[in-house]
Amino acid sequence: MAVEAMAPAKPVVRYRDEFAWWDRIKKPIFYGVLIGWSVVAATPFFLTVVFSLKPLTHLYEPPFLLPIPFTLENYLKVVTEFRHLFPRWMLNSAFVAGLLAVVRTLFCAMGGYAFARLRFPGRDLLFWAMLVTMMIPGQVTLIPNFLIIRQMKLLDSLMALIVPGIAGAFGVFMMTQFYKNLPRELEEAAMIDGAGWFTIFFRIVLPISRPALLTLALFTFQGEWNAFMWPLIVLNSPEKFTLPLGLSWFKGEYYTVYSVVLAGSMFNSVPILLLFFLFQGYFTRGIALTGLREG
Amino acid sequence: MKRFLLLLAVLALAVTACVPAATPTPAVTREVVVTRVEVTKEVEKPKITVRLSGWAANPQETALLESLLYRCSLKNPDVVVKYEPITGDYWAKIKTLVASKEEPDIYYMDIFQFPFFVSKGVLVPLDDYMAKSGVKKEDFIKTLIDAFTGPDGKVYGIPKDFNTLALFYNKDLFAKAGIPEPNENWTWDDLKNAARKLSDPAKGIYGLGVPADPGRFPIFVFQNGGRIMTPDFKDTLLDSPEVIEAAKFYTSFRAEKIGAIPSDVGVDWQGTAFGQGKLAMVFEGGWLIPYLREQFPNLKWGATFPPKGPKGRGNLIFTVAYVISKNSKNPEAAWKTIECLTSEESQTVVLSTGFALPSRAKLTEHEYFKTHPESLVIFKGAEFGTPFMWGLRGDVVNEQMGKALERIYLEGQDVGASFKQAAEEVRKALKEQQ
Amino acid sequence: MPRIRRRQLGEWVAAYVLLSPYLFVFLVFNVFAIAYALYLSFTYFDLFSPPRWIGLGNYLYLLRDALFLQKAIPNTLKYVAVVVPVQTVISLLLAFALDQEIKFRRFFRTLFYVPSVTSSVVISLIFLWLFKKTGVINQILGLSIDWLNSPTFALPTIMIVNIWATTGTMMVIFLAGLQDIPVTYYEAAMIDGANRWQMLRHITIPLLRPVIFFVVTMGVIGCFQVFDQIYVMTAGGPLDSTTTIAYLIYKWAFQSTTPFMGRASAVAFVLAGMILIVTVIQRRLIERPAEV
């Protein structure tokens, strides 16, 4: 369907010259906008870093751009205060987030492909049912889901986080839309060659869905790394806590050392940013379709 | 070969099944010897595990609790306490757990939430346990233990600590304005006059902090001889003349520019503004003391009782108790733990750290108060205080009080009309109780 | 004839096998939970006593409740109407911009993604500080507004914070979507003499439709359910100006001294209904203008 829709327009060479002036000032405006938005986007994070490197008594005091006076005590506090537990929390979070990033991406890609390409009874109904499940706010499904996990005897274990998370509507929905987006030529060629659905999916489609898969993996990792409410409800023992639960421990009954809280939040954000920075290099354009040109 | 493997598998399974679910994790490391069993669950003296939950306390407070638990584990060696802090939305989690019958054996109960829990019968009455252990109601401060007594006269929670409000004042600002510092004989007029002399709006300094906070305003109502709710909590008195007069007095400070709400002085809590010297006087609880110590160590401040109103003294009591769940399988072990945690010994330890005030009456005499007179002020505040609790729809009462004050401050609504509106909303909510 | 049928059957089986992990989650955790919540919406349930059937009682209550009708619904609708278009357009523009061959592309993309990794705690602390009456924002703009304490400005402030926080995420999705469009299409078009605008209109946008539908749908769902920032920054105030439907659900379910889980469930389904209607409408507009 996509192939037919994109018949190129009639040649209109004229327009190119008329936009030449635009081409010249485009670049500086362009970079200006990008830098402007970068400042807006990064400033709060930057402030967090600066404040976390200052002692508590100087929190929110100027200067805002440089951590003066400088101290690493907040970070030290985060890592050492709950000595034997902090590494445990990091490990728990890494394990859950990492495992689900791989598993959920795979299972959602499978489901998304089925919705996008295959015809089967109940497809549209199931698709919309899936959308509807996302429309019900989580507060009212918290208790029933808790009861189910309890029934499965998974309370207070990391499995309570993993089992309900091996696939999800968000991921399936996203992969469905991506697969609808994908040009069909490769699959059609494979079908003509007599390949079955599983071969097509695992050998052909999956390898070329890299941007989508990486995006979903990143989101899944991030979501699970930062998840708070559900882990709070199903985990009891401090050794089982994930990182966000553990970091919340720095908020006290009587008072809170905010600079430590800010330092702690870095452990939430920085790993994700690193992952993002590394993997977005894979967002390279160009699914080569050489050999499949029309005509 | 197969048989051997099978036996090995069974053995392995049995061992993993018998490893206890938790070991307590005290900051003070001490090897808790856990008897690991081979195949059957036979042990000489079984250790009972008791789950204790509370809201998250920051690292120092946690260390304190864990040291108490350690001491208690020495006293009660057959009881293993598993501390399960709830580091986020405490009530959402506790209510979810109670609804699914998964709640811990012991947990924190706030006086504000207490009426609902006790009305639903999910707490264990403690009188029999108290009798058996020789713990008497009279050991504890009357207003506190009464607060956790149910409508049937039985005690359902042992208060662990409490807080009241004191009038904190900035000594430097008083000296600069040349007026004598507040004392326990102050009246509303003294408060007003001092606020006038201390305020300098041009410099961003105001005499008194007057937030739209239902956890502060009611003391003025009590000082005016009024109540927020009727004694049976079935109706509200927010539209009574005593309340409206108190509200007029309270909101007049900001109207005359001698008082400020937190956002006026660029903070979200008046404690910070007090520390920064922008508010000369604030009504706050004992939690302000460690805060000032840590964040504003150079501030010279003092504390005294809230001033007397036209009808006498009034204060709010914030308190938390340990309660035992009806679903607990080991109420005796749970009781032993509570008994130990609220013992005179334990409470003395807590007192000396300055984090919280003990609930045992005898400790009024303690050394600590001689060297920390401000804490004594907070402590004695309980004598003329009312528990911060408004019945089964307390959340609505709080909300409406806050909104009424907000409307007066932000929209200039008339005080009487605002509180009449609040009272109507509360009555509507009370009727909803099906 | 039998051949086609076997092929069709093969397709059905393949589909269900591929969907099986999701179906497991769907049936066990979604369907049961939602059915239970639906049942609860017809009951009075205070969490500690068994639910008591009251039929349409909760729904009728909603039809008369001022807080729900005069605050929660308008606030939520205002919020959705502003945030969804703005965040979609901005993130789409950013994605286009960063899809070009420009210097430091990687750094820009990472910087733009930074807001999305910021936790709610940090957002609340930093933005409360930025937007206070004597704060940086007022200093830059030369104003003296008490943003989060003003009934008129609190909701717009939350909107700004949210747009700031989510644009990066949507940008990433659009970027991934743009990658899927083969270079060869653009090459063919250029050979035929099309300029950038025409390529945009005739190749990029049409091929992006499924992704745009995804982003807008998730935006709608997310905005209708906005909760986190309100919970940490304004707690529904001042004077209910930031009380949204989702916040009301939480309030009635967990924050009341006497929980109203049944009523909260009823609100949840009303909310779901609203989201569904909006989604169906926008699907018509975006993904399949010719069919539904």
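This is a predicted model: local features need pLDDT of at least 70, side-chain atom pairs count only at pLDDT 80 or more; totals for chains, interfaces and linings use all residues.
Now for the make-up of the chain. Chain B contains 18 helices and eleven strands, and 59% of its 434 residues are buried. If you take the contacts in chain B between residues at least 6 apart in sequence, 74% of them join residues at least 24 apart.

B:Ser418 sits in helix α18 (residues 415–431) of chain B. With a relative accessibility of 0%, B:Ser418 falls under the 20% limit and therefore counts as buried. Its contacts, once neighbours within four places in sequence are set aside, are B:Ala404, B:Arg407, B:Ile408 and B:Gln413. B:Arg254 belongs to helix α10 (residues 241–255) of chain B. Its relative accessible area is 22%, which lies between the 20% and 50% limits, so B:Arg254 is partly exposed. Beyond four places in sequence, B:Arg254 is in contact with B:Val210, B:Gly259, B:Ile261, B:Asp264 and B:Tyr409. B:Leu208 is 46 residues from B:Arg254 in sequence, while their C-alpha atoms are 8.6 Å apart in space.

From here we can turn to the nonpolar cores. The largest one has 261 residues, and those touching the most other members are A:Phe173, A:Tyr179, A:Phe201, B:Tyr107, B:Phe117, B:Ile158 and B:Trp335. A second, separate core holds 87 residues, including B:Trp188, B:Ile261, B:Phe283 and B:Phe384. One of these, B:Ile261, is also among the contacts of B:Arg254.

Not counting residues up to four places away in sequence, A:Phe173 touches A:Phe127, A:Met130, A:Leu131 and A:Met134, along with C:Phe213, C:Phe214, C:Thr217 and C:Met218. A:Phe173 is also one of the buried residues of helix α9 of chain A, as are A:Met174, A:Phe178, A:Tyr179 and A:Lys180. Twelve of the 13 residues of α9(A) are buried, so this helix is largely enclosed by the rest of the structure. Its geometry can be checked too: at 1.5 Å a residue, the 13 residues of α9(A) (residues 169–181) should span 18 Å, and the end C-alpha atoms are 18 Å apart, which agrees.

Chain C has a mostly covered helix as well: in α5 (residues 120–130), nine of the eleven residues are buried. Among them are C:Val122, C:Ser124, C:Phe127 and C:Trp129.

The last stop is the contact between chains C and A. Chain C contributes 111 residues to this contact and chain A contributes 110 residues. Together they bury about 10200 Å², with 74% of that area on carbon and sulfur atoms. The count of salt bridges between chain C and chain A is one. In that salt bridge the side chains of C:Glu11 and A:Arg119 meet, at 3.7 Å from N to O.

Notes:
Residues are numbered from 1 along each chain as its sequence is written. Chains are lettered from A and ligands numbered from 1 in the order in which they are written. Side-chain values use heavy atoms; hydrogens and water are left out. A nonpolar core is a set of buried Ala, Val, Leu, Ile, Met, Phe, Trp, Tyr and Cys residues joined through side-chain atoms within 4.5 Å. Buried means under 20% relative accessible area, exposed over 50%, partly exposed in between (1.4 Å probe, protein chains only). Contact means heavy atoms within 4.5 Å. Helices (H or I, at least four residues) and strands (E, at least two) are DSSP runs, numbered from the N terminus. The expected span of a helix is 1.5 Å times one less than its number of residues. Buried area is the accessible area (1.4 Å probe) that two parts lose on being put together, summed over both. A salt bridge is a side-chain nitrogen of Lys or Arg within 4 Å of a carboxyl oxygen of Asp or Glu.
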